[in-house]
Structures are given as C-alpha cells and as structure tokens.
Amino acid sequence: MLRSTRAGQAAEPRFQPVSRWITAAAYAVPLCVLPSALWRLWALADGLPRGCRQAGPAWEPYYVTGLSVVSLSAALLTIGLVRPWGEVLPRWIPLVGGRTVPVRAAVTAASLGAIFIFGVYAYALLNPIFRFR
C-alpha cells in the first residue's frame with residue numbers, strides 16, 4: 001500500500017500488519033524444512049546415506065548440500081510474505097531499490113516454483129510405474 005506524502009514527492013510504501021495465524025504459519029515453514037535439511041547434512045557427514053550399500057557419484061555431496069541450502073533458503077523467503085522487506089525491494093539493489101515488489105512478479109515466481117515442485121513430485125510418483133529414464 002502506498003502512502004502519499006506532500007504534493008510532488010514520491011509515495012513511500014507502508015506495511016500493513018498481517019493476522020497472527022498467518023505470521024505463525026510463515027514462521028513455521030522454515031521450522032518444518034529445517035529437520036529435513038539437517039538430516040541430509042548429518043547423513044552426508046556420517047558417511048554413506050542411510051540404506052546405501054555403495055558410494056554414489058562424486059557430485060552427490062555437492063547436490064545434497066545444495067539441496068539443503070536451497071530448500072532452507074526458499075523456506076526462509078516465506079517470512080518475506082508477512083514482513084515489510086517482502087513488499088519493498090531493498091535500497092541496495094541498483095536501479096530498482098526502494099520500489100514496491102510488483103504483484104505480477106511475485107505471482108509469476110511463486111507459480112513457476114509451484115509448477116516445478118509439482119513436476120518433481122509427479123516424476124517421482126510416476127517413475128516407478130512407467131520407468132522413465
């Protein structure tokens with residue numbers, strides 16, 4: 001929401017408070033992802049992943065570490081949905097700093113992420129049946 005100031009000055013964004021249960025849900029997302037990320041990193045540090053009989057490819061430790069970092073980072077971004085920094089781009093970003101986040105950009109990013117996750121889970125569900133390779 002934009003708050004108008006004096007005539008001729010740019011309007012500055014204003015944060016609207018969010019209900020408590022939505023804020024709690026946004027903060028719960030990283031807490032739900034954290035055990036999975038820590039379990040992956042612990043299993044990697046402990047040696048072979050649980051249930052494996054032989055070592056995987058050389059890139060596997062980087063993949064597991066990257067997966068943990070990216071999943072936890074994405075989960076932390078949900079806090080931006082209920083905080084002011086999720087509505088206004090930080091001032092340190094060149095050319096666009098201080099502007100409000102366009103709704104279309106946020107919806108597009110969220111939609112692409114949802115489509116990607118849906119595709120990953122659809123592949124994981126259908127692969128045992130149809131044996132994709």
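**Figure 1. L125 is an exposed residue, at a relative accessible area of 60%.** Exposed means over 50% relative accessible area, buried under 20%, and partly exposed in between (1.4 Å probe, protein chains only). The view is taken from a predicted model, in which local features need pLDDT of at least 70, side-chain atom pairs count only at pLDDT 80 or more, and totals for chains, interfaces and linings use all residues. Residues are numbered from 1 along each chain as its sequence is written, and side-chain values use heavy atoms, with hydrogens and water left out. L125 belongs to helix α3, residues 103-130. Together with Y123, L126, I129, F130 and F132, L125 forms a nonpolar surface patch with about 620 Å² of accessible area. Patch residues have over 30% relative accessible area and no salt bridge (a Lys or Arg side-chain nitrogen within 4 Å of an Asp or Glu carboxyl oxygen); like charges are joined within 9 Å, and nonpolar side chains (Val, Leu, Ile, Met, Phe, Trp, Tyr) within 5 Å.

**Figure 2. The protein chain contains 3 helices and 2 strands.** Read from the N terminus, the order of the elements is β-β-α-α-α. Helices (H or I, at least four residues) and strands (E, at least two) are DSSP runs numbered from the N terminus. Of the 133 residues in the protein chain, 11% are buried.

**Figure 3. The largest pocket holds about 1300 Å³ of space.** Its lining has 33 residues, of which A74, A75, L77, T78 and G113 are the closest to the centre of the pocket. Two or more lining residues come from each of α1 (20-45), α2 (60-77) and α3. The element that gives the most to this lining is α3, with 13 residues. By class, the lining comprises 26 nonpolar, 5 polar and 2 charged residues. A pocket is an open set of points on a 1 Å grid over the protein atoms alone, where a 1.4 Å probe fits, with protein on both sides within 12 Å along at least five of seven lines; lining residues have an atom within 4 Å of a point.

**Figure 4. L95 occupies the loop between α2 and α3.** The phi angle of L95 is near 70°, a positive value in a residue other than glycine. Most residues other than glycine have a negative phi. L95 is also exposed, at 81% relative accessible area.

**Figure 5. A106 is part of helix α3.** With a relative accessibility of 40%, A106 is classed as partly exposed. The C-alpha atoms of A106 and L81 are 9.9 Å apart in space, while the two residues are 25 residues apart in sequence.

**Figure 6. Y62 is part of helix α2.** Y62 is exposed, and its relative accessible area is 67%. From C-alpha to C-alpha, Y62 and L44 are 9.9 Å apart in space; in sequence they are 18 residues apart.

Methods:
Areas by Shrake-Rupley, 256 points an atom, 1.4 Å probe, with all protein chains shown as cover. Points joined across faces, edges and corners; volume = space filled by probe spheres on them. Nonpolar A, V, L, I, M, F, W, Y, C, P; charged D, E, K, R; others polar.
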